[in-house]
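Please look at the sequence and the three-dimensional model shown below. The paragraphs that follow lead through the model one part at a time.

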Amino acid sequence: MSLDDPVLAIAPQTQPTTAGGGMPPRFNCFVTGTDTEIGKTLVSSAMLHALVENGVRACGMKPVAAGAELGDDGKWHNDDCDQLAAAGNVNLLQSITTPFLLKEPAAPHIAAALEGIIISPVPILAAYVEINAASDAVVVEGVGGFIVPLNDEFDTADLAEQLSLPVVLVVGLRLGCISHALLTVEAILSRGLKLAGWVANETQADMAFADENVAALEQRIPAPFLGRVPRLEQPSAAAAAEYIDFTQLPNWPLQNAI
Ligand SMILES: Nc1ncnc2c1ncn2[C@@H]1O[C@H](COP(=O)(O)OP(=O)(O)O)[C@@H](O)[C@H]1O
Ligand SMILES: [Mg+2]
């Protein structure tokens, strides 16, 4: 199988499309961030929560997850995968929503090497097709920042490109985030991907000049500012969703919900 295999040909989602038979367009997106531990899972879960609230069959996908523990149920668990599964409403095998679940909490290509695995795009793209078939909306969470190696020739930015998904950028508000955010925006746009929107997330409560940082980003990021999530006591999907206006995203299904 190769990426040119017609089974894996994925229609670009960067422009609003109408499915056959007058069906409303699908909402799918790729969530990336300025770093690891800055709120990608929280925002992805908030997005899934909002989709479910709108009556949509929504499924999260974490194609590659590094760091898993054996649970009492005898299955390997990763926090991100569990949170996305809890926020969505489509039950699929974890081997589909996360084709590469790695045990070591390390950079994916390193964690994979420890298990003698080479991460390849084909199982991810095949699983994505399957998830699409089972749901109306798919939220794909990246790994770490935007460009994280998955094997010697393939990284997470390549994955976003192959999935042809509009990208939502989560900016973890901390000193240095402006450059991280603008570099990420540049990388997304240089690959011809659509930057559908961005979210500011207060990973710490007391960042100095947080308002000024957000204003600087608003001025420079050429995409809708979807909202600013404050430092939450209980960082749940529902709580975070209160602060984000997802309706600015292309194909957001609010108006089309049953
Ligand atoms: N706005 C927030 N308020 C409180 N805690 C947050 C907030 N955003 C993220 N967190 C917490 O920070 C940690 C990292 O967030 P997460 O969404 O897992 O980041 P990422 O997916 O980018 O690694 C988690 O424990 C999460 O609950
Ligand atoms: Mg995460």
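Which residues of strand 2 (residues 58-61) are buried on one side, and which on the other? On one side they are A58 and G60, and on the other C59 and M61, so that both faces of the strand are covered, as follows from the definition of buried: 20 or more other C-beta atoms within 10 Å of the residue's own, the C-beta atoms being placed from the backbone. In a regular strand the side chains alternate between the two faces of the sheet. The words helix and strand refer here to DSSP runs, numbered from the N terminus: helices are H or I runs of at least four residues, and strands are E runs of at least two.

The model is a predicted one, in which local features need pLDDT of at least 70 and side-chain atom pairs count only at pLDDT 80 or more, while totals for chains, interfaces and linings use all residues. Residues are numbered from 1 along each chain as its sequence is written, and chains are lettered from A and ligands numbered from 1 in the order in which they are written.

Strand 2 runs parallel to strand 7 (residues 137-141) and is joined to strand 7 by four bridges; here M61 stands opposite V140. Strand 1 and strand 10 are also parallel and are joined by four bridges, with V31 opposite V168 of strand 10. Strand 10 pairs in turn with strand 11 in the parallel sense, over six bridges, and V167 has L195 of strand 11 as its bridge partner. Lastly, four bridges join strand 11 (residues 195-201) to strand 12 in a parallel run, where F225 is the bridge partner of W198.

Two packed helices are described by the angle between their axes and the distance between the axes. The axes of helix 1 and helix 2 (residues 79-87) come within 8 Å and cross at roughly 15°. Helix 1 is therefore roughly parallel to helix 2, because angles under 35 degrees count as roughly parallel, over 145 as roughly antiparallel, 65 to 115 as roughly perpendicular and the rest as oblique. In this pair T41, S44, S45, L48 and H49 of helix 1 meet D80, Q83, L84 and A87 of helix 2.

Helix 5 (residues 121-134) and helix 6 (residues 156-163) pack at about 40°, with their axes 11 Å apart, which means that helix 5 is oblique to helix 6. The contact involves P121, I124, L125 and Y128 of helix 5, and L159, Q162 and L163 of helix 6; two residues are in contact if their C-beta atoms, placed from the backbone, lie within 7 Å.

Finally, some single residues deserve attention. A112 lies in helix 4 (residues 108-114) and is buried because 22 other C-beta atoms lie within 10 Å. Most residues other than glycine have a negative phi. E37, however, has a phi near 60°, a positive value, and is found in the loop between strand 1 (27-33) and helix 1 (40-53). E37 counts as exposed because it has 10 C-beta neighbours inside 10 Å, the limit for exposed being 12 or fewer.

How values were computed. Axes are lines fitted to C-alpha atoms, for helices over the stretch in contact, and angles run from 0 to 180 degrees between N-to-C directions. Two strands pair if DSSP finds at least two bridges between them.
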